[in-house]
Amino acid sequence: SENPKAETMAEESSPSYGALVRAGINVGLGLDYCSGEEEFYLEMLKMFHDQEEEKRAELISLYDASNWKDYAIKVHALKSTSLTIGAETLSLQAKALEQAGKEENVDYIRENHPLLLQMYHETCESISTVIMI
């Protein structure tokens, strides 16, 4: 990581980050995006968590409507916000679905959409253990 201070913070001051790490969140990367500001990072995590229900509903609605153009736009947004909190695996999954949406590769989307929703939910579940919602 570019920011050894962030790694040290993640390890020392907050053992509660363990749930995020186990869920595949790169806390050091998330802190890097937040300039090493832990409070700001926690705010970003809370915002990511709080938006899940709405964003998830949008994704499902577009998927059900086979609106691949807008589906690609929504998973693009999820790809970006996931990366800013350090959720690299979720971000990569969203990126692959964004590409599939642009190409209208419906088979790939149908196969991987449920996994994306599951990963999204698991990421938010792990966040809820850290920010004490």
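Tutor: In this predicted model, helices are DSSP runs of H or I that hold at least four residues, and they are numbered from the N terminus. With that convention in place, we can go from the fold to single residues.

Student: How many helices and how many strands does the secondary structure of the protein come to?

Tutor: Read from the N terminus on, the order of elements is α-α-α-α-α-α-α-α. The secondary structure therefore comes to 8 helices and 0 strands.

Student: In which helix is the place of Leu115, and is this residue buried, exposed or partly exposed?

Tutor: Leu115 has its place in helix 8, and its C-alpha atom is separated by 8.4 Å from that of Gln93, a residue 22 positions away along the chain. Its relative accessible area is 36%, and buried would require a value under 20% while exposed would require one over 50%. Leu115, in helix 8, is therefore partly exposed.

Student: Is His113 buried or exposed, and what is its relative accessible area?

Tutor: His113 is found in helix 8, which spans residues 106–130. When its neighbours within four places in sequence are left aside, His113 is in contact with Leu59, Ile60, Tyr63, Tyr71 and Leu97. Because buried means under 20% relative accessible area, His113 counts as buried, with a value of 4%.

Student: How are helix 5 and helix 8 oriented to each other?

Tutor: Two packed helices are described by the angle between their axes and the distance between the axes. Here the axes of helix 5 (residues 52–64) and helix 8 come within 11 Å and cross at roughly 175°. The residues that meet include Leu59, Ile60 and Tyr63 from helix 5, and His113, Leu117 and Cys124 from helix 8. Since angles over 145 degrees fall in that class, the two helices are roughly antiparallel.

Student: Which backbone oxygen does the side chain of Ser82 reach, and at what distance?

Tutor: Ser82 lies in helix 6 (residues 68–84), where it counts as buried at 0% relative accessibility. Apart from neighbours within four places in sequence, its contacts are Phe48, Ala87, Leu90 and Ser91. The backbone oxygen that its side chain reaches belongs to Leu78, at 2.6 Å.

Student: What is the phi of Ser35, and what is the phi of Glu104?

Tutor: Ser35 lies in the loop between helix 3 (27–33) and helix 4 (38–50), and it counts as exposed at 59% relative accessibility. Glu104 is found in the loop between helix 7 (88–102) and helix 8, and it too counts as exposed, at 53%. Neither residue is a glycine, yet phi is positive in both. The value for Ser35 is about 55°, and for Glu104 it is near 50°.

Student: How many disulfides does a search of the whole structure find?

Tutor: A disulfide is a covalent bond between the sulfur atoms of two cysteines. Cys34 is buried, with a relative accessible area of 1%, and Cys124 likewise counts as buried at 1%. A pair would need its sulfur atoms within 2.5 Å, and the number of disulfides found in the whole structure is 0.

Student: What percentage of the residues of the protein count as buried?

Tutor: The accessible surface comes to about 7,300 Å², and 52% of it belongs to carbon and sulfur atoms. Of the 133 residues of the protein, the share that counts as buried is 42%.

How values were computed. Residues numbered from 1 in each chain as written. Predicted model: local features only at pLDDT ≥ 70, side-chain atom pairs only at ≥ 80, totals over all residues. Heavy atoms only, no water. Buried < 20%, exposed > 50% of the residue type's maximum accessible area, 1.4 Å probe, protein only. Areas by Shrake-Rupley, 256 points an atom, 1.4 Å probe, with all protein chains shown as cover. Contact = heavy atoms within 4.5 Å. Polar contact = N/O pair within 3.5 Å; in protein donor to acceptor, adjacent residues only side chain to side chain. Axes fitted to C-alpha atoms, helices over the stretch in contact; angles between N-to-C directions. Parallel < 35°, antiparallel > 145°, perpendicular 65-115°, else oblique.
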